[in-house]
Amino acid sequence: MRIVIDALIVISLFFAFAGTVGMLRMPDFFCRMQSSTNIATLGIVGVIIAGIIYSIVYIGDTSMAVKLCVIGLFYILANPVASHALAKGAYKHAGKSVENLKVDQYGEDMVQEDE
């Protein structure tokens, strides 16, 4: 069971590393924010699952496992929603930096709403 826990932590480290590289290499704010959301969401899921397994198997404390499940559920639901809200606000207040985007599907939807 210890191998499974270690594998989950390594997978989380991979996602955190890949997201960090993405944040350094991405060209604009929106791409960087997508990478940071991946770090926060995918990087934490493996650690929480590993913590749940560890708390049940090695510690024998199911209350800790339930708390970790609640934290993980909240994290999985709240982080993408918060990132979307930040991206929407940044898009509306970005000004000229939005004009340089290669794909702007959100802007196309805003034009249709104005008509």
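Helices (H or I, at least four residues) and strands (E, at least two) are DSSP runs, numbered from the N terminus. This is a predicted model, so local features need pLDDT of at least 70, side-chain atom pairs count only at pLDDT 80 or more, and totals for chains, interfaces and linings use all residues. Residues are numbered from 1 along each chain as its sequence is written, and side-chain values use heavy atoms, with hydrogens and water left out.

**Exercise 1. Work out which elements the protein chain has and in what order they run.**

Step 1: count the elements. The protein chain has four helices and zero strands.

Step 2: The order is α-α-α-α.

Step 3: look at burial, where buried means under 20% relative accessible area, exposed over 50%, and partly exposed in between (1.4 Å probe, protein chains only). Of the 115 residues in the protein chain, 23% count as buried.

Step 4: look at the contacts, meaning heavy atoms within 4.5 Å. Take the contacts in the protein chain with a separation of 6 or more: 58% of them come from residues 24 or more positions apart.

**Exercise 2. Find where in the protein chain confidence is lowest and where it is highest.**

Step 1: recall the scale. pLDDT is the predictor's confidence in each residue, from 0 to 100.

Step 2: get the overall picture. The protein chain averages a pLDDT of 83, and 82% of the residues score at least 70.

Step 3: go element by element. Helix H4 (residues 105-114) has the lowest confidence, with a mean of 59, while H1 has the highest, at 90.

**Exercise 3. Describe how H1 packs on H2, and how H2 packs on H3.**

Step 1: Two packed helices are described by the angle between their axes and the distance between the axes. Axes here are lines fitted to C-alpha atoms, for helices over the stretch in contact, and angles run from 0 to 180 degrees between N-to-C directions.

Step 2: take H1 (residues 2-25) and H2, which pack at an angle of about 170 degrees with their axes 8 Å apart. That makes H1 roughly antiparallel to H2. For the labels, angles under 35 degrees count as roughly parallel, over 145 as roughly antiparallel, 65 to 115 as roughly perpendicular and the rest as oblique. The residues of the H1 contact with H2 divide into 16 nonpolar, eight polar and two charged.

Step 3: sort out those classes. Ala, Val, Leu, Ile, Met, Phe, Trp, Tyr, Cys and Pro count as nonpolar, Asp, Glu, Lys and Arg as charged, and the others, Gly among them, as polar.

Step 4: move on to H2 and H3, whose axes come within 9 Å and cross at roughly 175 degrees. So H2 is roughly antiparallel to H3. The contact of H2 with H3 has 22 nonpolar, seven polar and no charged residues.

**Exercise 4. Decide whether serine 55 is buried or exposed, and list what it touches.**

Step 1: locate it. Serine 55 lies in helix H2.

Step 2: check accessibility. Serine 55 is buried, because its relative accessible area is 0%.

Step 3: list the partners. Not counting residues up to four places away in sequence, serine 55 touches Gly60, Asp61, Met64, Ala65 and Leu68.

Step 4: check the side chain. A polar atom of the serine 55 side chain lies 2.9 Å from the backbone oxygen of isoleucine 52.

Technical notes
A polar contact is a pair of N or O atoms within 3.5 Å; within protein, one must be able to donate a hydrogen and the other to accept it, and residues adjacent in sequence count only if both atoms are side-chain atoms.
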